[in-house]
Amino acid sequence: KILITTRHRLAGNTWATALTVPSLAPEPAQTFIRHHAQVRHVAALEAAPQTDVAEIAALCDGNPLAITLVVGQLHTLPLKQVLENLQKARGRSADLLRFLFRYSWEQLSPTAQHLLLHTPLLDIRGVAWPELAAVSKVVPDGEFCRALEELLDASLMCAGYAQGQVLYSIHRLTETFMIREVIR
């Protein structure tokens with residue numbers, strides 16, 4: 001058996017069973033926002049009124065990745081600005097994730113952009129600090145640390161712990177954005 005994930009319907013395939021994973025309902029989406037804000041120490045959301053949290057959930061259509069990117073933006077931008085940006089994106093009928101990735105990319109420092117540009121070369125399971133520095137050819141100094149923190153804060157890079165070390169990776173949709181929209 002093989003599990004294939006896609007954002008496109010596999011209509012007309014008798015060999016595959018399609019399971020549509022719905023967006024989060026409003027209440028679980030709001031709980032996810034609050035939890036993610038608490039874990040990420042995003043004070044703007046921890047103290048936000050419930051109406052703002054509900055608006056984020058609605059504007060993100062309950063999409064967990066969109067919510068994660070929005071929470072990441074709130075590390076550096078005021079809540080009011082993020083909500084305005086989301087409303088404008090919805091008003092233009094833009095693809096929400098594409099908008100969020102593009103906006104997050106444009107907010108990065110040149111060093112963070114350079115580091116992120118090289119992440120599609122990473123092992124899908126993640127890489128340790130020395131490999132990340134080697135692949136990106138960014139000297140692992142203070143500037144490298146700031147760029148890495150910037151990417152982690154923006155939810156454009158993930159850090160996990162395995163095999164006795166911190167491993168860095170990116171979400172596959174982040175990789176797709178990088179390849180289709182930035183590198184092309």
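**Loops, core and helix packing in a predicted model**

D61 sits in the loop that joins α3 (50-59) and α4 (64-73). The model is predicted. Most residues other than glycine have a negative phi. D61 is not a glycine, yet its phi is positive, about 55 degrees. Its relative accessibility is 41%, so D61 counts as partly exposed.

Q163 is exposed, with a relative accessible area of 72%.

The interior was examined next. In soluble globular proteins, nonpolar side chains tend to be buried together. Here the largest nonpolar core has 51 residues. Within this core, L45, I56 and L132 touch the most other members. Helix α6 (residues 96-107) gives the most to the core, with 7 residues. Setting aside neighbours within four places in sequence, L45 is in contact with I33, R34, A37, V53, I56, V71, L74 and L79.

Aromatic rings were then searched. A pair of aromatic rings is described by the distance of the centres and the angle of the planes. The whole structure contains 3 aromatic pairs. One of them is formed by F101 and F177. This pair is stacked, with 5.4 Å centre to centre and 15 degrees between the planes. F101 belongs to helix α6 and F177 to helix α10 (residues 172-183), so the pair ties together parts that are 76 residues apart in sequence. F101 is buried, at a relative accessible area of 4%. F177 is buried too, at 6%.

Helix α9 (residues 142-153) shows a buried side and an exposed side. The helix has 12 residues. From first C-alpha to last, α9 reaches 16 Å, close to the 16 Å expected at 1.5 Å a residue. F144, A147, L148 and L151 are buried in α9. Seen down the helix axis, the buried residues of α9 fall within an arc of 100 degrees, so they line one face. The face turned away from this buried side carries the exposed residues R146 and E149. Cover for the buried residues of α9 includes α7 (110-117), α8 (129-136) and β2 (165-169).

Both ends of α9 have a feature to report. At the N-terminal end, D141 caps the helix. A side-chain oxygen of D141 lies 3.0 Å from the backbone nitrogen of E143. S155 follows α9, and its phi is positive, near 65 degrees.

Notes: Residues are numbered from 1 along each chain as its sequence is written. This is a predicted model: local features need pLDDT of at least 70, side-chain atom pairs count only at pLDDT 80 or more; totals for chains, interfaces and linings use all residues. Side-chain values use heavy atoms; hydrogens and water are left out. A nonpolar core is a set of buried Ala, Val, Leu, Ile, Met, Phe, Trp, Tyr and Cys residues joined through side-chain atoms within 4.5 Å. Buried means under 20% relative accessible area, exposed over 50%, partly exposed in between (1.4 Å probe, protein chains only). Helices (H or I, at least four residues) and strands (E, at least two) are DSSP runs, numbered from the N terminus. Contact means heavy atoms within 4.5 Å. The expected span of a helix is 1.5 Å times one less than its number of residues. The arc is that of the directions from the helix axis to the C-beta atoms. A polar contact is a pair of N or O atoms within 3.5 Å; within protein, one must be able to donate a hydrogen and the other to accept it, and residues adjacent in sequence count only if both atoms are side-chain atoms. Rings of Phe, Tyr and Trp (its six-membered ring) pair if their centres lie within 6.5 Å; planes under 30 degrees apart count as stacked, over 60 as edge-to-face and the rest as tilted.
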